[in-house]
Amino acid sequence: MAEVLLGGGTFCFFLICPQWILVIFAVFLACTLGNFILGFRRIRRQVNRTMELVDDTIEQLILHHECRYFEENEDNLLGKFQSQIVRLYQILSSYEEHEKRQKEQLEESISDLVHQINTPIANLQLYSSLLEQEEITCEERKVFSKNIRDQADKLEWLGENFSKISRLEHGMICLRPSIGKLLPVVLAAVDEVALKAKGREQEIRLLGDQCLEAWFDPKWTEEVFFNLLDNAVKYSNPKSVIDIRIEDYEMHIRVSVITRGQLPGKDEIPKLFQRFYRGKNAGRAEGVGLGLYLVREIMRNQKGYVKVSTDKKEEVTFSVSFRKNAEETGTAVQGNSSLQRAHPL
């Protein structure tokens, strides 16, 4: 019998095993197979359910709805997958939102530009038609010619400043700040408005520490001071004094342009730095409302800021603050912050 078992293998085992053992083996085999089939179906249902949740997660993200079905932790692979795909969605959404804002900004800029150039173009057409009349006097011809020249200059100025703003907004201009003295830049801007101030019998004075250094771009900062001083000359009272005060603070250097004249209303102050906004007291003064907006953009691009304040003495103060160096929290050697004697310029 031993030879039969060894030689016949499993076949011989079944021949000599009692019937009850075969029944038990068959039941065990059936149970094992049944459990395998049930487990396979359960796993398949779980996989199908998981894939449905993954599919729904992606579908909801496509519809711009963030949904989270899985726990996000380091030990859960589905949680990691969900976290990564949501993060990818947020990145793509931010790019989409950025593109949308740029498109809206471009449309708004074009609309604003068209609106602003309509008036000088209409004036050019009007004065040109008046010049064609034969009965006008020589004096009237000179006046019309001067008006045409002024409107052409306005268009040129508008185009130049609008171009600067557009390039700043779209990152086409890269400011290159460095440590330097503010006084030469301030004086260069003063020279540009000195003739206009003289015509209005206004005096420009320099106050404060003239040796202070800050972190700024000289070329574009001169544009900042020119726009502030140009506004000061246009909107302050004739025969008044315009002060430029340079002050040293712990974290920044502040340059203030102080004028005397009609104060803007409280509701106007937040609007002063908006593009093409002109205050109610602007009257017939030249300008299109781009100067202060350009000031804000330039200061923002060199990590500085600008603000306006008023007091009961009919003084309006426009202040621009510069960082002392390239480090966000760094400080340079502080100069003497005490005000020096006023020097008329």
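Predicted model: local features only at pLDDT ≥ 70, side-chain atom pairs only at ≥ 80, totals over all residues.
Is Lys324 buried or exposed?

1. Residues are numbered from 1 along each chain as its sequence is written, and side-chain values use heavy atoms, with hydrogens and water left out.

2. Lys324 counts as buried, at 4% relative accessibility. Here buried means under 20% relative accessible area, exposed means over 50%, and partly exposed lies in between (1.4 Å probe, protein chains only). Its partner Asp248 also counts as buried, at 10%.

3. These two residues form a salt bridge, with the closest N and O atoms 2.8 Å apart. The term means a side-chain nitrogen of Lys or Arg within 4 Å of a carboxyl oxygen of Asp or Glu. Asp248 lies in strand β4 (residues 241-248) and Lys324 in the loop between β7 (315-323) and β8 (343-344), so the pair ties together parts 76 residues apart in sequence. Helices (H or I, at least four residues) and strands (E, at least two) are DSSP runs, numbered from the N terminus.

4. Now look at Glu297, which is buried with a relative accessible area of 5%. Glu297 forms a salt bridge with Arg296 at 3.5 Å, and another joins Glu297 to Arg300 at 2.7 Å, N to O. Arg300 and Glu297 both lie in helix α8 (residues 291-301), 3 residues apart, about one turn of the helix.

5. The structure holds 8 salt bridges. Arg205, Asp243, Arg260 and Glu315 are linked in a network of them.
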